[in-house]
Amino acid sequence: MQIKRLAVVGCGTMGSGIIQVAATKGLEVVGVEGTRRQAESARARLDEGLAATLGRGKITAEQAEAASTRATFTDNLDAIAGSDLVVEAVYEDVDLKKDVLGKIDKIVAPEAFIASNTSTIPLVVLAAATNRAPQVVGLHFFNPVAAMKLVEVIKTPVSEPDHVQAMVDFARFLDKSPVVVNDVPGFVGNQLIVPYLLDAIRAYERGVADMESIDDVIALGFNHKMGPFRLSDLIGLDIVHDMAASMYEEYQDPRFVPPVLLKQYVRLGLLGRKTGRGFYTYEDAS
Ligand SMILES: NC(=O)c1ccc[n+]([C@@H]2O[C@H](COP(=O)([O-])OP(=O)(O)OC[C@H]3O[C@@H](n4cnc5c(N)ncnc54)[C@H](O)[C@@H]3O)[C@@H](O)[C@H]2O)c1
């Protein structure tokens, strides 16, 4: 099945990135947010993302303009009717996602696909909230979506090979490099990266070194683009917290318990780049 009409529900950091990439490739995309005001912010996020990609010389001004006009934003979920694929990218909260997926399931045609961009929640839990479990898959994009090539395509025990292939083809159409992964909490990427981020926070809490020094060790010593504190700020500290909590819930492994310092930052609303301050302070927050 070829995806011609795309909808994205939840147009924050990830959702707006997915919309940007799809609209740049020529798809008409409907973006749904919780309120009209949030829908307006989502439009602004898309346009900022396009401007940044234009600034890096990856697209022309005409392409940015055309992509912007292919996206529409609304707070009315009914606007997703007629979509071949709906990508859910709301907060990493299992009850919220189940509620949203159940609603999506009632609106779109029976043959449509529903994908979740969840980082850690088992797809089977989300699929069970719908009446189309075989057509519910994971499409796990990476942040920032416009720049990162990887998409983990998550299959469940009831995914048909042609469903998985349709999602692989869709990811390739977006110029991404899909990797098919089984439905285990955290999949491949977050199962490995989340304990690393949490260990870095615990090392700081134990007084091993300050945040900048820990970041420098990883960036300079291991040739990573950024260390764990800058990466956590990029991901969003609330998302790091929720990923950890969700994986702890599933594995009951103390490695996944969210550190106290992370909880404190989240409770203070210091969520990283997206709020202008997390472990570091950012001048150019969007
Ligand atoms: N941030 C990352 O690095 C990253 C990477 C890969 C996957 N993810 C996953 O993507 C999902 C979204 O993460 P994010 O970083 O974009 O979060 P975010 O907080 O930036 O965006 C979430 C958006 O969902 C919207 N929303 C909440 N409830 C809604 C509803 N009922 N209807 C419509 N919109 C609603 C919010 O208004 C917000 O704009 C999460 O599942 C997260 O785990 C995040």
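Which residues lie nearest the centre of the second largest pocket? In this predicted model, that position is taken by Val21, Thr53, Lys58, Ile59 and Ala146, which belong to a lining of 16 residues. The space in the second largest pocket amounts to about 330 Å³. Sorted by class, the lining of this pocket comprises six nonpolar, four polar and six charged residues, and the largest share of the lining, three residues, is supplied by helix 1, which covers residues 13-24.

The strands of the model include an open sheet of eight, arranged in the order 3-2-1-4-5-6-7-8 and with mixed pairing. The edges of this sheet are formed by strand 3 (71-74) and strand 8 (177-182), each of which pairs on one side only, and the twist from one strand to the next averages 25°. In general, the strands of a sheet pair through backbone hydrogen bonds, in either a parallel or an antiparallel sense.

The loop between strand 6 (136-141) and strand 7 (150-155) contains Pro144, and the peptide bond that joins Asn143 and Pro144 is cis, with omega at about 0°. Asp78 is placed in the loop between strand 3 and strand 4 (85-88). Asp78 is classed as exposed because its relative accessible area, 52%, is over the 50% cut-off. The C-alpha atoms of Asp78 and Gln38 are separated by 17 Å, the two residues being 40 residues apart along the chain.

Phi of Asn223 is near 60°, a positive value in a residue other than glycine, and the residue is exposed, with a relative accessible area of 72%. Helix 9 itself is largely enclosed by the rest of the structure, because six of its eight residues are buried. The buried residues are Pro228, Phe229, Leu231, Ser232, Asp233 and Ile235, and the elements that cover them include helix 7 (189-205), helix 8 and helix 10. As background to the spacing of such positions, an α-helix has 3.6 residues a turn, so residues three or four places apart point the same way.

Helix 9 is followed by Gly236, for which phi is positive, near 110°. A further positive phi, near 50°, is found at Gln252, likewise a residue other than glycine, and Gln252 is situated in the loop between helix 10 (237-251) and helix 11 (260-267).

Technical notes:
Residues are numbered from 1 along each chain as its sequence is written. This is a predicted model: local features need pLDDT of at least 70, side-chain atom pairs count only at pLDDT 80 or more; totals for chains, interfaces and linings use all residues. Side-chain values use heavy atoms; hydrogens and water are left out. Two strands pair if DSSP finds at least two bridges between them. Helices (H or I, at least four residues) and strands (E, at least two) are DSSP runs, numbered from the N terminus. Axes are lines fitted to C-alpha atoms, for helices over the stretch in contact, and angles run from 0 to 180 degrees between N-to-C directions. On a 1 Å grid over the protein atoms alone, a cavity is a set of points where a 1.4 Å probe fits but cannot get out, and a pocket is an open set with protein on both sides within 12 Å along at least five of seven lines; lining residues have an atom within 4 Å of a point. Grid points are joined across faces, edges and corners, and a volume is the space filled by probe spheres set on the points. Ala, Val, Leu, Ile, Met, Phe, Trp, Tyr, Cys and Pro count as nonpolar, Asp, Glu, Lys and Arg as charged, and the others, Gly among them, as polar. Buried means under 20% relative accessible area, exposed over 50%, partly exposed in between (1.4 Å probe, protein chains only). Contact means heavy atoms within 4.5 Å.
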